[in-house]
Amino acid sequence: MFSTLPSTRQKTPMPASSANDDHHDVIETRLWLDEHDWLYKLLRSESNSSPTFRFPDLIAACVSLVFTQQNAPSRIFRFLGTQLVLRTPQSPRRRESMWRTQYELLLELQRSPANRHPNPKFQLDQLTTACVALCREDDESGTVILQQARRNMAERSQHCQQALSD
């Protein structure tokens with residue numbers, strides 16, 4: 001017998017041991033198809049091995065890479081204002097996830113003065129897509145993205161170990 005769940009998700013208290021599980025540290029986002037397809041090719045490539053990184057890792061690596069540059073906000077908004085804005089607004093997007101740390105970088109950018117009146121307002125999917133597109137422009141092979149995914153994973157593991165020892 002199947003039952004339906006209410007449309008609003010209710011939070012239930014989590015045991016302390018599972019409160020830090022990785023699945024609670026990912027945030028849903030969307031990617032425009034061109035960027036999604038490119039990341040999918042990277043996901044399936046031979047160079048993505050030991051470990052094989054998934055979409056949350058690859059998207060987060062793109063965001064991290066873009067934000068390592070001093071001019072990250074201007075690069076992102078330049079891409080949005082000159083390239084993404086010319087695409088059909090109803091372009092399909094794919095639902096994916098990214099790690100919370102990188103989401104927070106994009107959230108801060110989304111709340112920045114550059115995304116307020118009188119400037120156009122860009123959403124999370126557009127900011128995420130911009131980061132992936134900029135990484136693709138910088139390195140079509142995706143090698144740098146996989147290196148950054150490794151660094152991000154090591155950093156998450158270190159934070160997790162510190163949290164367990166505290």
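Colleague: In this predicted model, buried means under 20% relative accessible area. Is Phe122 buried or exposed?
Modeller: The relative accessible area of Phe122 is 10%. The cut-off for buried is under 20%. Phe122 therefore counts as buried.

Colleague: Which residue forms an aromatic pair with Phe122?
Modeller: The count comes to one aromatic pair. Its ring centres are 6.2 Å apart, and the partner is Phe77.

Colleague: What is the geometry class of the pair of Phe77 and Phe122?
Modeller: The planes of Phe77 and Phe122 make an angle of 50 degrees. Stacked needs under 30 degrees and edge-to-face over 60, so the rest count as tilted. The class for Phe77 and Phe122 is tilted.

Colleague: How many residues apart are Phe77 and Phe122?
Modeller: Phe77 sits in helix α3, residues 72-82. Phe122 sits in the loop between α4 (100-110) and α5 (124-138). The pair links distant parts of the chain, and the separation is 45 residues.

Colleague: Why does Ser112 count as buried?
Modeller: Ser112 lies in the loop between α4 and α5. Buried requires a relative accessible area under 20%. Ser112 qualifies because its relative accessibility is 15%.

Colleague: Which backbone oxygen does the side chain of Ser112 reach?
Modeller: The distance is 2.7 Å. A polar contact needs N or O atoms within 3.5 Å. The backbone oxygen belongs to Leu109.

Colleague: Which residue lies over the face of Trp99?
Modeller: The distance to the ring centre of Trp99 is 3.9 Å. The residue over that face is Arg156.

Technical notes: Residues numbered from 1 in each chain as written. Predicted model: local features only at pLDDT ≥ 70, side-chain atom pairs only at ≥ 80, totals over all residues. Heavy atoms only, no water. Phe/Tyr/Trp six-rings, centres within 6.5 Å; stacked < 30°, edge-to-face > 60°. Helix = DSSP H or I, 4+ residues; strand = E, 2+ residues; numbered from the N terminus. Buried < 20%, exposed > 50% of the residue type's maximum accessible area, 1.4 Å probe, protein only. Lys NZ or Arg CZ within 6 Å of the ring centre and 35° of its normal. Polar contact = N/O pair within 3.5 Å; in protein donor to acceptor, adjacent residues only side chain to side chain.
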